Amino acid sequence: MEVLSNRVLLRPKDLARSLGFYRETLGLAVYREFGPADHPGVVFFLGQGFLEISGHSDDGAVSGLSLWLQVRDVAQEEKRLREAGVTVAREARLKPWGLIELWIEDPDGHRIVLVEVPSDHPLRRDPR
């Protein structure tokens with residue numbers, strides 16, 4: 001299989017609330033918007049992939065689904081997100097595998113894992 005593009009699709013309970021969370025609270029950049037102005041779908045940049053928030057679902061969070069987002073400074077993001085009222089499911093901590101992880105939740109309860117790769121971690125080959 002040759003994958004040409006990819007994205008994660010989330011169907012929120014409340015589209016406007018979730019769009020506000022991902023656009024304003026997390027600060028994700030918009031790749032494209034589509035559909036009617038009163039009920040748009042939005043695709044956000046997500047590192048090397050995309051996250052589409054569109055449509056509607058009454059189901060809420062999908063069990064076992066997590067978004068894994070690498071950031072430069074987990075502590076800085078934790079402080080900023082707490083001040084914005086984001087639900088912190090697990091505070092930032094160094095995990096046994098050497099990554100610093102912070103677990104938060106979106107308005108529907110989807111887990112988002114913010115990850116920092118410490119400068120001395122084997123994943124880092126470039127010392128910047």
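Contact means heavy atoms within 4.5 Å. The model described here is predicted, so local features need pLDDT of at least 70, side-chain atom pairs count only at pLDDT 80 or more, and totals for chains, interfaces and linings use all residues. Residues are numbered from 1 along each chain as its sequence is written, and side-chain values use heavy atoms, with hydrogens and water left out.

The protein chain holds 2 helices and 8 strands. Helices (H or I, at least four residues) and strands (E, at least two) are DSSP runs, numbered from the N terminus. Read from the N terminus, the elements follow the order β-α-β-β-β-β-α-β-β-β. The C-alpha trace spans about 45 × 40 × 25 Å along its principal axes. Of the 128 residues in the chain, 39% are buried. Buried means under 20% relative accessible area, exposed means over 50%, and partly exposed lies in between (1.4 Å probe, protein chains only). Among contacts with a separation of 6 or more, 50% come from residues 24 or more positions apart.

Strand β4 covers residues 49-53. It is largely enclosed by the rest of the structure, because 5 of its 5 residues are buried. In a regular strand the side chains alternate between the two faces of the sheet. Both faces of β4 are covered. G49, L51 and I53 are buried on one side, and F50 and E52 are buried on the other.

Two strands pair if DSSP finds at least two bridges between them. Strand β1 (residues 8-10) runs parallel to β4 and is joined to it by 3 bridges. Here L10 has I53 as its bridge partner. Strand β3 (residues 41-46) runs antiparallel to β4, with 5 bridges between them. L46 stands opposite G49. The hairpin of β3 and β4 has 2 residues between the strands, and G47 takes a positive phi near 65° there.

I53 also reaches other parts of the chain. Leaving aside neighbours within four places in sequence, I53 is in contact with L10, P12, L15, S18, L19, Y22, P40, G41, V42 and F44.

A nonpolar core is a set of buried Ala, Val, Leu, Ile, Met, Phe, Trp, Tyr and Cys residues joined through side-chain atoms within 4.5 Å. The largest such core has 22 residues. Y22, L26, L51, I53, I104, I112 and L114 touch the most other members. At least two residues come from each of α1, β3, β4, β5 (66-70), α2 (74-83), β7 (100-105) and β8 (111-116). Helix α1 gives the most, with 4 residues. A second, separate core has 5 residues, including W103, V113, V115 and V117.

Aromatic rings were examined next. A pair of aromatic rings is described by the distance of the centres and the angle of the planes. Rings of Phe, Tyr and Trp (its six-membered ring) pair if their centres lie within 6.5 Å; planes under 30 degrees apart count as stacked, over 60 as edge-to-face and the rest as tilted. The whole structure contains 5 aromatic pairs. One of them joins F21 and Y22 edge-to-face, at 5.0 Å centre to centre and 90° between the planes. F21 has a relative accessible area of 7%, so it is buried. Y22 is buried too, at 1%. Y22 and F44 form a tilted pair, with 6.4 Å between centres and 35° between planes. This pair links distant parts of the chain: Y22 lies in helix α1 (residues 15-25) and F44 in strand β3, 22 residues apart. F21, Y22 and F44 form one aromatic cluster.

Another ring faces a charge. The charged end of R90 sits over the ring of W103, 3.7 Å from its centre. The criterion is NZ of Lys or CZ of Arg within 6 Å of the ring centre and within 35 degrees of the ring normal.

An open sheet is formed by 4 strands in the order β5-β8-β7-β6, with mixed pairing. Strands β5 and β6 (87-94) stand at the edges with a single partner strand each, so one side of each is left without a neighbour in the sheet. Strands β7 and β8 pair in the antiparallel sense over 6 bridges. Within this pairing, L102 stands opposite L114 in β8.

K79 has a relative accessible area of 52%, so it counts as exposed. Its C-alpha atom is separated by 18 Å from that of R23, 56 residues apart along the chain.
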